[in-house]
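Trainee: I have a chain open and would like to go through it with you. Can we take it piece by piece?

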Amino acid sequence: TPHQTHIPTPIMARLDSYKYKRIVNILSQPVVDLNALSDISWLGIPDEFRARTWKILLGFLPANASRREAVLRRRRAEYRRISKCYTECDKWLLSKQE
């Protein structure tokens with residue numbers, strides 16, 4: 001667009017390198033600083049961090065790293081339980097239609 005400012009490639013490379021290091025630093029903390037993660041994520045998140053970053057920012061995974069594995073196990077168990085329930089409900093509904 002006509003109003004975009006062109007940033008020279010070497011400067012962009014330094015900014016990308018800084019951002020990459022900053023995200024690695026934020027995500028490697030025992031408790032992720034949600035404000036810092038949100039701020040650094042505004043202009044995009046590198047692919048390798050995108051899924052984990054969004055899960056943390058949206059509250060799907062806790063900011064506290066020591067709790068993430070347990071929460072993820074619990075959420076997966078909930079998904080299996082709900083999925084099984086819907087499958088059984090579908091079977092029941094289909095049997096009632098026959």
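Mentor: Start with Arg74 and Glu78, which both lie in helix 4 (residues 65-97), four residues apart, about one turn of the helix. Helices here are DSSP runs of H or I with at least four residues, strands are runs of E with at least two, and both are numbered from the N terminus. This is a predicted model, in which local features need pLDDT of at least 70 and side-chain atom pairs count only at pLDDT 80 or more, while totals for chains, interfaces and linings use all residues. Residues are numbered from 1 along each chain as its sequence is written, and side-chain values use heavy atoms, with hydrogens and water left out.

Trainee: What do Arg74 and Glu78 form, and how far apart are the closest N and O atoms?

Mentor: They form a salt bridge, with the closest N and O atoms 3.3 Å apart. The term requires a side-chain nitrogen of Lys or Arg within 4 Å of a carboxyl oxygen of Asp or Glu.

Trainee: How many salt bridges does the structure hold?

Mentor: Two. Arg50 and Asp47 also meet through their side chains in a salt bridge, 2.6 Å from N to O. These two residues are three apart in helix 3, so about one helical turn separates them. Arg50 counts as partly exposed at 36% relative accessibility, whereas Asp47 is exposed at 61%.

Trainee: Stepping back, how many helices and strands are there?

Mentor: The protein chain has four helices and zero strands, running α-α-α-α from the N terminus. Of its 98 residues, 19% are buried.

Trainee: Back to helix 3, then. Which of its residues are buried?

Mentor: Helix 3 spans residues 47-57, and its buried residues are Phe49, Thr53 and Ile56. Viewed down the axis of helix 3, they fall within an arc of 60°, so they line one face of the helix. The arc is taken over the directions from the helix axis to the C-beta atoms. After helix 3 comes Gly59, with a positive phi near 85°.

Trainee: And which residues of helix 2 are buried?

Mentor: Ala36, Leu37, Ile40 and Ser41. Down the axis of helix 2 these buried residues fall within an arc of 125°, so they too line one face. Exposed residues Asn35 and Asp39 are on the face of helix 2 turned away from its buried side. At the start of helix 2, a side-chain oxygen of Asp33 comes to within 3.1 Å of the backbone nitrogen of Asn35.

Trainee: Last one. Which residues is Val71 in contact with?

Mentor: Phe60 and Pro62, leaving aside neighbours within four places in sequence. Val71 lies in helix 4 and counts as buried at 7% relative accessibility. Its C-alpha atom is separated by 6.7 Å from that of Leu61, 10 residues away along the chain. As for Phe60, Arg75 lies over the face of its ring, 4.7 Å from the ring centre. A charge sits over a ring if NZ of Lys or CZ of Arg is within 6 Å of the ring centre and within 35 degrees of the ring normal.

Notes. Buried means under 20% relative accessible area, exposed over 50%, partly exposed in between (1.4 Å probe, protein chains only). A polar contact is a pair of N or O atoms within 3.5 Å; within protein, one must be able to donate a hydrogen and the other to accept it, and residues adjacent in sequence count only if both atoms are side-chain atoms. Contact means heavy atoms within 4.5 Å.
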